[in-house]
Amino acid sequence: LAPFTAALAMRTLDEEFSEPLATGRFVVLHDPDGQHGWNGTFRIVAQLRSHIDPEMGNDPLLAEALWAWADECLVDAGAAFHDLTGTVTRETSEAFGGLVLRGSTLNVEMRASWTPDSPSIGEHLVGWSDLVLRTCGVASQRFLEGV
């Protein structure tokens with residue numbers, strides 16, 4: 001996709017069950033010549049997958065709300081960007097047979113990409129990390145201060 005790439009993976013854990021509440025990926029692409037559609041020489045591609053509570057999962061405006069959160073988290077972190085695009089997918093999983101003890105699970109997945117207005121991407125990583133935390137119900141913390 002680009003001559004230069006860097007990627008990070010992240011996850012939050014439920015301390016009681018040691019299971020991930022949310023996982024995410026943050027990929028930075030760089031092409032010194034730029035690419036059609038980027039409108040810049042850098043592009044950030046990010047993904048998150050998060051458990052959500054049933055009340056949130058049944059909200060008909062879930063996708064719109066999560067998309068607004070993505071923009072809000074990036075802006076609140078001080079990330080300047082343009083050309084934000086992506087998708088939000090809601091997933092319900094029902095367990096059967098020996099897996100019935102797990103019950104049903106609700107997940108949401110978001111894929112997004114955007115062009116940063118400068119090569120400084122620390123604020124973008126902080127914003128996306130905050131979104132990962134927010135979607136799984138963990139209080140947002142600026143654990144990446146100074147990035």
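Modeller: One cut-off before we start: angles under 35 degrees count as roughly parallel, over 145 as roughly antiparallel, 65 to 115 as roughly perpendicular and the rest as oblique. Bear in mind that this is a predicted model.

Biologist: Fine. At what angle do α2 and α3 pack?

Modeller: About 140 degrees, with the axes 8 Å apart. α2 covers residues 62-76 and α3 covers residues 122-135. By that cut-off, α2 and α3 are therefore oblique to each other.

Biologist: And is the crossing left-handed or right-handed?

Modeller: α2 passes α3 in a right-handed crossing.

Biologist: Which residues meet there?

Modeller: From α2, L66, W69, A70, E72, C73 and L74. They meet H124, G127, W128, D130, L131, R134 and T135 in α3. Of the residues in this contact, seven are nonpolar, three polar and three charged.

Biologist: Other topic. How many aromatic pairs does a search of the whole structure find?

Modeller: Two. W114 and W128 form a tilted one, with 5.7 Å centre to centre and 35 degrees between the planes.

Biologist: Where do W114 and W128 sit?

Modeller: W114 is in strand β5 (residues 105-116) and W128 is in helix α3. They are 14 residues apart, and the pair links distant parts of the chain.

Biologist: Now confidence. What is the mean pLDDT of the chain?

Modeller: It is 87, and 88% of the residues reach 70 or more. Confidence is highest in strand β3 (residues 42-51), at a mean of 96, and lowest in helix α1 (residues 54-57), at 78.

Biologist: Where is the pLDDT below 50?

Modeller: Over residues 141-147. That stretch has 13 contacts in the model beyond near neighbours in sequence.

Conventions: Residues are numbered from 1 along each chain as its sequence is written. This is a predicted model: local features need pLDDT of at least 70, side-chain atom pairs count only at pLDDT 80 or more; totals for chains, interfaces and linings use all residues. Side-chain values use heavy atoms; hydrogens and water are left out. pLDDT is the predictor's confidence in each residue, from 0 to 100. Helices (H or I, at least four residues) and strands (E, at least two) are DSSP runs, numbered from the N terminus. Contact means heavy atoms within 4.5 Å. Axes are lines fitted to C-alpha atoms, for helices over the stretch in contact, and angles run from 0 to 180 degrees between N-to-C directions. A crossing is left-handed if the near helix is turned anticlockwise from the far one by less than a right angle, and right-handed if clockwise. Ala, Val, Leu, Ile, Met, Phe, Trp, Tyr, Cys and Pro count as nonpolar, Asp, Glu, Lys and Arg as charged, and the others, Gly among them, as polar. Rings of Phe, Tyr and Trp (its six-membered ring) pair if their centres lie within 6.5 Å; planes under 30 degrees apart count as stacked, over 60 as edge-to-face and the rest as tilted.
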